Amino acid sequence: MIIDFRSDTVTKPSAGMLEAMMTAQVGDDVFSEDPSINQLEQLVTDMFEIESSLFCPSGTMTNQVAIKCHTEPGDEVICDESSHIYQYEGGGIAFNSGASVKLIYGDRGRITAEQVRQSVNPDDVHRPVSRLVSLENTSNRGGGSCYDFEEIKKIKQVCVENKLSLHLDGARLFNALVAKNETPKQYGEIFDSISVCLSKGLGCPVGSLLLGKKDFIKKARRIRKVFGGGMRQGGFLAAAGIYALQNNIERLKKDHLHARLLGEAFQKKNFVKEVFPVETNIIIFQVKEPGTAPLWEKKLKENNIYCFALTPDRIRLVVHLDISEEMVEKTIGIINRL
C-alpha cells in the first residue's frame, strides 16, 4: 500500500463525486451557458456573500488573473517571501502583469500590518507604485499556518489608508475556516479578491474560483480568456466542485487531526530538529543534519510513504481525504521504527 503525502492535489474523485460529474448538465461556458458552472459560481458567491465569481482551471490562474486585474505594468505587489504567487507560479507576476514584487519576511508565511505599512513605497518616480497586497491563508511553506483574522483586518486598514488592493490566495482557505471556526462571509467582507481552490483539501480533480465585485470579475473573465482559460462544457468539472462544497468541508477536521498525530510522531524522532506547529493538514519538519532531507524522503519512500523534501533541511507531508485512519496508523508505526 502506497501512502501518498506529497500533496493534497493527488486525490481521486470519490464515487459520489464521479456520479455528480457524470450526470452534470452542461453548456458552453464561454457564452456563460453552462448551468453547472453557473450554479457553482453562484454557490460560492452566496457562501462568501460577495458579488460575483469566476471558475478557472487552477489556483495559479485565479491568482494570476487577479494580479493582472489589480495592477498595471511597473506596479509592485507586496507579499511574504514564501508566497505561492512568488515561489510557485513560474514568475507569472513579471511575465503576465509586468509587475515587480516587494518581499516581506513574515512568521511562517504570515505578514503583519506593520510590515505592510513599512513596505509601501513613497510617491517617488524612482520607485514602483505599490498597488497590491497578497496574503496566503493557509500558508503552504509555513506548514499550513493560519492568519489571525484580527491581523487581517489591520492589514486591510493599511491598504485602505494607502489605496492598495488586497488579494487572498485562499488555496487552502477552507482548512483555515474549519481550524479557526471562521466564516466565508468574514473574508468576503475584507478582501478585494479571493482565490479558492477545489482540487486540494476538497478533493476535486480540477478547478479554482476567483471572487470579487461584479466589475472586477467582468474584467477577470476577459483576462481568463486571454490567458487561455475559457472552458466550454466545463460543467463536468464544476459538478465536482458543487459536490465538494456540499460534502467535503466539515470532514477537513479529520485531516487536521491526522496531521497532528503525524506531527507528534515525528517530534519524538532523534533525527528531527523541529516540527512546525501543526494547525491544519500540513506537517513540515526540519532535520538535524543539514542537507539530509532528500535522504529521509528516500528512506520514507522505501517504506511506501511518499512525501516531499521542501528544502535540503525540511520535509513536508500533506494529509487529505484519500488518507485513511489505517494509513495514518501504519505511517506512525513506520515512523516509530525509523
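Visitor: Which strand holds Gly212?

Guide: Gly212 sits in strand β8, residues 208-212. Keep in mind that this is a predicted model.

Visitor: Is Gly212 buried or exposed?

Guide: Buried means under 20% relative accessible area. Gly212 has 0% relative accessibility, so it counts as buried.

Visitor: Which residues are in contact with Gly212, leaving aside neighbours within four places in sequence?

Guide: Gly212 is in contact with Ile50, Glu51, Ser52, Asp192 and Ile217, with neighbours within four places in sequence left aside. Asp8 is 204 residues from Gly212 along the chain, and their C-alpha atoms are separated by 26 Å.

Visitor: Where is Val275, and what does it touch?

Guide: Val275 is in strand β9, residues 272-275. Its relative accessible area is 10%, so Val275 is buried. Not counting residues up to four places away in sequence, Val275 touches Gly263, Phe266, Gln267, Ile283, Ile284 and Phe285. Arg314 is 39 residues away along the chain, with a C-alpha separation of 9.4 Å from Val275.

Visitor: And Gln118, is it buried or exposed?

Guide: The cut-off for exposed is over 50%. Gln118 has 62% relative accessibility, so it counts as exposed. Gln118 lies in helix α6. From Gln118 to Lys218 is 100 residues in sequence and 33 Å in space, C-alpha to C-alpha.

Visitor: Now helices. How many residues does helix α7 have, and what should they span?

Guide: Helix α7 has 13 residues, 149-161. At 1.5 Å a residue, they should span 18 Å. The end C-alpha atoms of α7 are 19 Å apart, which agrees.

Visitor: Which residues of α7 are buried?

Guide: First the general idea. An α-helix has 3.6 residues a turn, so residues three or four places apart point the same way. In α7, the buried residues are Phe149, Ile152, Ile155, Lys156, Val158 and Cys159. Seen down the axis of α7, these buried residues fall within an arc of 160 degrees, so they line one face of the helix.

Visitor: What do the buried residues of α7 pack against?

Guide: They pack against α6 (113-119), β5 (129-136), β6 (165-170) and α9 (184-190).

Visitor: What is found at the start of α7, and what just after it?

Guide: At the start, a side-chain oxygen of Asp148 comes within 2.7 Å of the backbone nitrogen of Glu150. Just after α7, Lys163 has a positive phi of about 55 degrees.

Visitor: Which residues of α11 are buried, and what do they pack against?

Guide: Start with the span. Helix α11 covers residues 235-247, 13 residues that should span 18 Å at 1.5 Å a residue. Its end C-alpha atoms are 18 Å apart, which agrees. The buried residues of α11 are Gly235, Ala238, Ala239, Ala240, Gly241, Ile242, Ala244 and Leu245. They pack against α1 (15-22), α2 (35-48), β2 (52-56) and α8 (173-180).

Visitor: How many residues of α3 are buried?

Guide: In α3, 10 of the 12 residues are buried, so the helix is mostly covered. Among them are Met61, Val65, Ile67 and His70. Helix α3 runs over residues 59-70 and should span 16 Å at 1.5 Å a residue. Its end C-alpha atoms are 17 Å apart, which agrees.

Visitor: How do I read a pair of helices, and at what angle do α12 and α14 cross?

Guide: Two packed helices are described by the angle between their axes and the distance between the axes. The axes of α12 (residues 252-267) and α14 (residues 325-337) come within 9 Å and cross at roughly 5 degrees. Angles under 35 degrees count as roughly parallel. Therefore α12 and α14 are roughly parallel to each other.

Visitor: Which residues meet there?

Guide: From α12 come His258, Leu261, Leu262, Ala265 and Phe266. In α14 they meet Glu325, Val328, Thr331, Ile332 and Ile335.

Visitor: Last topic, the backbone. Which peptide bond is cis, and where is Thr138?

Guide: Most residues other than glycine have a negative phi, and most peptide bonds are trans. The bond from Asn137 to Thr138 is cis, with omega near 0 degrees. Thr138 is in the loop between β5 and α7.

Visitor: What is phi for Ser32 and for Asn181?

Guide: Ser32 has a positive phi, near 60 degrees. Ser32 lies in the loop between α1 and α2. At 37% relative accessibility, Ser32 counts as partly exposed. Asn181 is not a glycine, yet its phi is positive, about 55 degrees. Asn181 is in the loop between α8 and α9, and at 71% relative accessibility it counts as exposed.

Notes: Residues are numbered from 1 along each chain as its sequence is written. This is a predicted model: local features need pLDDT of at least 70, side-chain atom pairs count only at pLDDT 80 or more; totals for chains, interfaces and linings use all residues. Side-chain values use heavy atoms; hydrogens and water are left out. Helices (H or I, at least four residues) and strands (E, at least two) are DSSP runs, numbered from the N terminus. The expected span of a helix is 1.5 Å times one less than its number of residues. Buried means under 20% relative accessible area, exposed over 50%, partly exposed in between (1.4 Å probe, protein chains only). The arc is that of the directions from the helix axis to the C-beta atoms. Contact means heavy atoms within 4.5 Å. A polar contact is a pair of N or O atoms within 3.5 Å; within protein, one must be able to donate a hydrogen and the other to accept it, and residues adjacent in sequence count only if both atoms are side-chain atoms. Axes are lines fitted to C-alpha atoms, for helices over the stretch in contact, and angles run from 0 to 180 degrees between N-to-C directions. Angles under 35 degrees count as roughly parallel, over 145 as roughly antiparallel, 65 to 115 as roughly perpendicular and the rest as oblique.
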